[in-house]
Amino acid sequence: MNKIRYSAVVLDEKSHNEIVNRFKTIIPTGWEIIAHHMTINLGELDEKYKKYLNKSVKLIAHDIGIDDMAVAVGVSGFFSKNKKPHITLAVNRKNGGKPVMSNYINDWMPLTNPIELIGIVKEIE
């Protein structure tokens, strides 16, 4: 049996495409686009959240943050152990950017029009 690396709300294809298309003009050229999930926690889901496993949930993207390594949208709608729940949109791999670096973005700007996103709660091996 494989070990669960992390638990997340994994975006459906429509939601992934929607946020990539909405923000493609601010993602710097050459950055790797991710826009895959909102991390809930490392490892398996906490027992109190197991009832949501493989179920659809709605997230609301309400702000955006960018620095020299990552671009992310802040979200609400489901529990996350991250200080700032977010979805990493893209990273600057050429200069060492990694998705985890979205946790270090300090400047967040509110979105004029929040975006409704749909994802499935999953445990990722």
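## Pocket lining

The lining of the largest pocket divides into 7 nonpolar, 7 polar and 1 charged residue. The model is predicted. In total, 15 residues line this pocket. H37, T39, T88, P99 and V100 lie nearest its centre. The space inside is about 320 Å³.

β3 and β6 each supply at least two of the lining residues. The largest share, 4 residues, comes from β3.

## Nonpolar cores

The largest nonpolar core has 27 residues. Inside it, I19, F78, I87 and L89 have the most contacts.

Leaving aside residues up to four places away in sequence, F78 touches V9, M38, I40, Y49, Y52, V57, L59 and V121. A second core is separate and has 5 residues, including I34, A72, V91 and I105.

A35 is not a glycine, yet its phi is positive, about 45°. A35 sits in the loop between β2 (32-33) and β3. A35 counts as buried because its relative accessibility is 1%, against a cut-off of under 20%.

N54 also has a positive phi without being glycine, near 65°. N54 lies in the loop between β3 and β4. With 56% relative accessibility, N54 counts as exposed, the cut-off being over 50%.

Terms used
Residues numbered from 1 in each chain as written. Predicted model: local features only at pLDDT ≥ 70, side-chain atom pairs only at ≥ 80, totals over all residues. Heavy atoms only, no water. Core = buried A, V, L, I, M, F, W, Y, C linked by side-chain atoms within 4.5 Å. Buried < 20%, exposed > 50% of the residue type's maximum accessible area, 1.4 Å probe, protein only. Contact = heavy atoms within 4.5 Å. 1 Å grid on protein atoms, 1.4 Å probe; cavity = no way out; pocket = protein on both sides within 12 Å on 5 of 7 lines; lining within 4 Å. Points joined across faces, edges and corners; volume = space filled by probe spheres on them. Nonpolar A, V, L, I, M, F, W, Y, C, P; charged D, E, K, R; others polar.
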